[in-house]
Amino acid sequence: MATDGLHENETLASLKSEAESLKGKLEEERAKLHDVELHQVAERVEALGQFVMKTRRTLKGHGNKVLCMDWCKDKRRIVSSSQVRRICCVTGEREHAVTMPCTWVMACAYAPSGCAIACGGLDNKCSVYPLTFDKNENMAAKKKSVAMHTNYLSACSFTNSDMQILTASGDGTCALWDVESGQLLQSFHGHGADVLCLDLAPSETGNTFVSGGCDKKAMVWDMRSGQCVQAFETHESDINSVRYYPSGDAFASGSDDATCRLYDLRADREVAIYSKESIIFGASSVDFSLSGRLLFAGYNDYTINVWDVLKGARVSILFGHENRVSTLRVSPDGTAFCSGSWDHTLRVREIWA
Amino acid sequence: MSSGASASALQRLVEQLKLEAGVERIKVSQAAAELQQYCVQNACKDALLVGIPAGSNPFREPRSCALL
């Protein structure tokens, strides 16, 4: 439908009012189904007892601010990236470090096979490195540049195989890439500002992913069509982290507005806010425990708060880091979680048995 | 800001909002019940919730141990 230049102003005005009325209708439709709060439904569930977490391992090899980490599916290895050009793979006692050509390596991810890692940052790219633990081999030499954005890379994730990577960027877009050819398979436009995070839906729930950005929006995308299928705009500041609930029916977000929130995809709305008046620093990173009952969130005030997802209450505060917590992931088998911080360390914690 | 660009951007916004308005939704009570059911069903497997037997920690020396 072409816009007739002569009637531009009328068309603009009528489009604007149509957009406003559609937004109003969307809110109305969502509100109609808001018959109860999650914590009310959860009143009958047993409350969680006190639990104590212990730091099992503190990894100090970076020597600089840790920005991102990811677990390997074999649960024994971790990849992490830092402010000064480095990515590290840790397995048991051994650490293997690679020097990157850019500072602020903001994103890193393990390939599902465990045979490669992807990372990137201020170089605007996402590169894949096949992993070798042979100290004589130069990992950097085998690097493959896969993604090219027009601004920093904020997040990356392999899809279900080593063959495709999903990226998020400060250029406001997300993109899906073929690793082998470096070809752009799909791009995702819709965020009004930098995209800071993404998470893929658990494989059983199909081909979608969620992204969060500086526009305060969380958006759910269809990977095949490139279409945004649902959008949520209830945060009051940048969304730093998004993570799917293990069943795939919901996702959590952490934001600079000092809250974490839970959005249910089938109810199409925010269903819980995890906040306290005493928490005034932004949440940088969130992840669920295996059953979805616990939400671990790392904050810029150096702490990790553990939330009861159903009841909305905080069940524990974890101290130990000496600077912002920048990244946090629960291990694939759910037995431990790892947090990375600007204090140069990574800490692996589990329940004190 | 050129009017031509903003008109087509608004057009896209209107189309996007129509798409989002058309999403099928369920009641929060039903959605909440299902989230809760998932938690309860999987609670026993959640090591960070219930604790794990000593010796299953992947960061200690490797031992074979069956975990739920």
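## Pairing around one strand

In this predicted model, A:Y110 stands opposite A:I117 in β7(A), and A:I117 in turn stands opposite A:Y129 in β8(A). Strand β6 (residues 107-110) of chain A runs antiparallel to β7(A), joined by four bridges, and four bridges likewise join β7(A) to the antiparallel strand β8 (residues 125-130); strands are DSSP runs of E with at least two residues, numbered from the N terminus, and two of them pair if DSSP finds at least two bridges between them.

The hairpin of β6(A) and β7(A) has five residues between the strands, and A:G114 in its turn has a positive phi of about 85 degrees. In the hairpin of β7(A) and β8(A), four residues lie between the strands, and A:N124 takes a positive phi near 65 degrees.

## Burial of the strand

Five of the five residues of β7(A) (residues 116-120) are buried, that is, under 20% relative accessible area with a 1.4 Å probe, counting protein chains only. In a regular strand the side chains alternate between the two faces of the sheet. Here A:A116, A:A118 and A:G120 point one way, while A:I117 and A:C119 point the other way.

## Chain B

Chain B has three helices (DSSP runs of H or I, at least four residues) and zero strands. Of its 68 residues, 41% are buried. Chain B exposes about 3900 Å², of which carbon and sulfur atoms supply 56%, by the Shrake-Rupley method with a 1.4 Å probe.

## Basis of the values

Residues are numbered from 1 along each chain as its sequence is written, and chains are lettered from A and ligands numbered from 1 in the order in which they are written. Local features need pLDDT of at least 70 and side-chain atom pairs count only at pLDDT 80 or more, while totals for chains, interfaces and linings use all residues; side-chain values use heavy atoms, with hydrogens and water left out.

Definitions and conventions: Buried < 20%, exposed > 50% of the residue type's maximum accessible area, 1.4 Å probe, protein only.
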